[in-house]
Amino acid sequence: MQHPIDPKIDCVFKALLGAESNRALLIHFLNAILGRDLPAPITWVEILNPYNDKEFLDDKLSIVDVKARDARDCLHQIEIQLLTNRDLLARILYTWADLYGSQLHSGQDYSALNPTYAIWLLGENLLADSSDYAHDFRLRDAQARPLLDHGGIWLLELKKFHAEQIQTEQERWLKFFKDGEALDSSALPS
């Protein structure tokens, strides 16, 4: 008898995208979610320690689900968050900023900074004022001119995602995370 496994459960999510043995899955996921926003497809990643080191004892420790560096030295953070709370938006921004800032050490030049991408899969709706399921936030002015093209934050609200026919690899991944527990591996949709 097969037991359903929900890919949204933290340990399953980390095993799927954060394990060395599944590095190809992580690369595929990153390209599917970020592909059109990347200068070139990701072909290699190094899976990193998910702890963002503290510089001082009283610094806040941030831990992410999956953290990786690609061949261009860009950093990637992937999170699954099933429940929302009032501080989630601040946490999302904080963990992105913490990862972005972790690239520099004392005496290093700011030119050493590389783009940092945070992808959050959300089990509950977070942005009530939008019916869109996919959101990407970057540093831009009111005319959409980038201040600095150094990545951003992608929020994917699974409850808002509905697709009769899967058209893209991004939709395939979202369908998997939204409905994966109910999918029958012997009768997968086309």
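Which strands does helix α2 lie across, and at about what angle to β6 does α2 run?

1. Helix α2 (residues 23-34) lies across β1, β4 (66-70), β5 (75-81), β6 and β8, and runs at about 90° to β6. Helix α3 (residues 88-101) packs on the sheet, where α3 touches β4, β5, β6 and β8 and makes about 150° with the direction of β6. Contact means heavy atoms within 4.5 Å. Axes are lines fitted to C-alpha atoms, for helices over the stretch in contact, with angles from 0 to 180 degrees between N-to-C directions.

2. This is a predicted model: local features need pLDDT of at least 70 and side-chain atom pairs pLDDT 80 or more, while totals for chains, interfaces and linings use all residues. Residues are numbered from 1 along each chain as its sequence is written, and side-chain values use heavy atoms, without hydrogens and water.

3. The open sheet has six strands in the order β1-β4-β5-β6-β8-β7, with mixed pairing. Each of the edge strands, β1 (45-48) and β7 (134-137), has a single partner, so one side of each lacks a neighbour in the sheet. The twist averages 20° from one strand to the next. Helices (H or I, at least four residues) and strands (E, at least two) are DSSP runs, numbered from the N terminus; two strands pair if DSSP finds at least two bridges between them.

4. Strands β6 (residues 116-122) and β8 (residues 151-157) run parallel and are joined by seven bridges. L122 stands opposite E157 in β8.

5. D179 belongs to helix α4 (residues 169-179). The D179 side chain makes a polar contact with that of K175 (2.8 Å).

Terms used
Polar contact = N/O pair within 3.5 Å; in protein donor to acceptor, adjacent residues only side chain to side chain.
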